[in-house]
Amino acid sequence: MISAIHVQDVSKRFGRRKVVDQVTFEVPQGVVFALLGENGAGKSTLIRSMLGYHKIDGGHIEVCGLDPRDSPLEIRRRVGYVSDAPGLYEWMTIAQAGWYAAGFYPPGFLKTYGQLLYEFQLPPDAKIRDLSKGMRAKVALSLAMAFDPQLLILDEPTSGLDPLVRRSFLESMIDRAAAGQTVFLSSHQMHEVERVADWVAILHEGKLQIVAPLEELKSSVRVLNFAMRDPLLALPPEFDQLDIVHQSQAGRTHHAIVRGLTPAIEAALVQHVNLFEVKVVRPNLEELYLGFTQPLTAPSQLGSVGSSAWSRVAGDRVDASSSAAKSNSSEVA
Amino acid sequence: MDTFPLQRSGQWYCLLWKDFMQVRSTLIAVAGGGLAMQLLLLVAERWFDDVQQATPLIAYIAPMLFAIGACGMLVGHERQSGSWEWSSSLPVSWRSALTSKLLITLAGGIVTCIVLAVIPVVLLLPGRLPIDKISLIVVSMSGMIIVALLEVVAYFFLASLLIRETLTALVIAGLGLSVAQVAITAMSLAIASNRLVRWGLTPDFASFFITFVSSLGILAIGMVAMLIAFHWRWTTGQRTVFQFRAHTPAAVASSTAYVYSTIESPASWRVLIKLASVSSLWLQLSAAALASLVFFKSWGIPLEFLVIPSGILGLSAFQGDQANQRYHFLADRGVAPWKLVLSRLGVASAWMLGLWCTMLYSPLAFAAARWMPTTMLCCLAFLVSALAAICFRKPVVAMTVATVAFIGALMVYVPAVHYGMERSRQLGLWLDYESLTKLAQLWSPLAMLVLLVVIFRAARRWIVYDGLHLPRYFLVAVILALALHIVGVFITLYALLPASPSIAP
């Protein structure tokens, strides 16, 4: 079975700056795939490379089984794309924009477009220039979805949408994936992505940190919090058996995002004489994202920096670190 | 929701429709403005000798003006507004997109030419020239217009594809094409003219042949470069920037300049002047280069040509601010509109002043007698353009509107004032014709004052209230300035100057 997108060792430079560095991943068909990353991580560059806008410096890309460098037009016939700042013709009405786009796609575009306008509650005779940012985003989405594309690539699709429309839009993404279409989206809205994404990839400074099915990732990774009676003593040997994604320390308390936490290791840590208040939590996507994008810090090097990371990562456990954070802030003051 | 108000059409129909709608207003403005000018020239024949002969010139120049405007709208404006990005994300090949744009530009140019050729061909030539000579003129003019139109399209498309600011692109393209045309033709004439005459061609035909071949050469180079640039731009999208250093979006550049200047010194004036200096630097440099063409006396460019660079400098004061929404950045920081306007006008005026000071010490001193009218004309062009740049969001529209308004106002003003002077001479006023002309010019500062006041008034609306109803401001200001000017002249002529029976005829 051909994957919807196949990206192999892709690199892209702008001048001396390497924006995408040796990225490899595969997007199966019929899933909602979320690409996460901070501003400037290379998400948009990667998306534009997949559509054939950027000539990549190394590697290979296939979208719907086609090479974007050789068949950019064929890809655009199969892929619905909404950029992060969709620029529609301001003098057109919403209906005219649909009519114009319909000329380049097979029959049936206008019927679907009309239905989407109805769902989004967009007046067909309104001029684009008179629309709000959110309404423009809805028009751009309608135009991208109206020809029933095999693959939908959305760069920050929900920015500007109100909560109700955002919810219904995200639910429609799930329906599309269930119907066999593939949705590839980049976003900063972690809680929204978490609700709809089947797969996630995290891009950080142009490098791919992880790509995995979301459920698998969440079930394989755990947030581990504990306090040490004597912080000068070494961590228990069981701790070394874990695959540590992220670790931080604030005073006596430790916070770690780990993989490979078996019930046996967990039991050993709970019963360890130097540890108390050992808590193991299933992480949410935001914690995973922060864990994978923050630098891994060795316990011996941990200090006040770790405490800020702690408070950011474990939002529901701020109380535990607030005293340390306060002491740090008073030191700074 | 099973019905949709429109029926699906073919790809070519959609592309041509979209491109036509983009240039529709430019076509109406240029063809309508040209026609109005031709009609006014017919009327002006009463006071000026042989002005009707300028009507074929309008039919020749107007298609070029339309082509320049179309290039700005179809490439420059699409890129600036971001619609290029969406259009190129549709499954349209670059060949189809380019063909549609070229067809619309050329068809619009030809339609403009045909509309404006009606008056010279039907009304003027038949009485003076035999029909076979008219046919020859029409055929040769058509060939020249098509070659010139293609040249304009190639170079203006090329510049708009490479340079982000539409107006800057158009001015640089105009400058480059003029210099290339004149320089290459002059070189070719120097090299090949004598040889062709020796081969038996008449000097006139040799000169025509060399000019034509040079134009074809320039056209071929421009077309190839434009095709490469269009393919590159269409397949890489509007964001790819042809430059040597990292791309910095305009808003970021503005904010960086603002923050950087603020760190250096908190004085807002310094920040504003710095922003005004860098925001249209290339455009202002191009305008200055365009003005310097007047220095080359051998090219025979009249002093009045300085009106064009003056108008461009006026546009440069505020050009791009609306499209790039830079003013939002400043408005959000509570910058007083009058400060912004003063800094922008100040920098653009400094360029004007520099230009005039250079001219003063140039070989053009011979034209000192014409300084006053030309200066007045240039200042008016500068202010009309600056007001258009504030009032119209798209730089190309601002440029077209400023040109049409300025020329239209002149076409109303000149016959009106000459009619008044004719009447005053009949009444026996003691001033001669030239003195009356100078007296009429003294009212120009009043028109300038009106325009200046409206610029400051409009700026408040522009920066604080997001530019609502500004085109109305422009129209009212131009009509008011024109009316006050004419009324002022008439009052001087009829009320203030006493009649002298000794000089009266």
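Predicted model: local features only at pLDDT ≥ 70, side-chain atom pairs only at ≥ 80, totals over all residues.
Local features need pLDDT of at least 70 and side-chain atom pairs count only at pLDDT 80 or more, whereas totals for chains, interfaces and linings use all residues. Side-chain values use heavy atoms, with hydrogens and water left out.

Chain A is divided into domain 1 (3-89 + 147-205) and domain 2 (220-319), with bounds from an automatic or database domain assignment. Their contact (heavy atoms within 4.5 Å) takes nine residues from domain 1 and seven residues from domain 2. The two domains bury about 720 Å² between them, 77% of it on carbon and sulfur atoms; buried area is the accessible area (1.4 Å probe) that two parts lose on being put together, summed over both. In domain 1, A:Met190, A:Glu194 and A:Ile202 lose the most area to domain 2, together 65% of what that side buries. Across this interface the rule finds zero salt bridges, a salt bridge being a side-chain nitrogen of Lys or Arg within 4 Å of a carboxyl oxygen of Asp or Glu.

The contact between the chains takes 37 residues from chain B and 38 residues from chain A. The area buried there is about 3400 Å², of which carbon and sulfur atoms give 65%. One salt bridge is found across the interface of chain B and chain A: the side chains of A:Arg48 and B:Glu85 meet at 2.4 Å, N to O.

How values were computed:
Residues numbered from 1 in each chain as written. Chains lettered and ligands numbered in written order.
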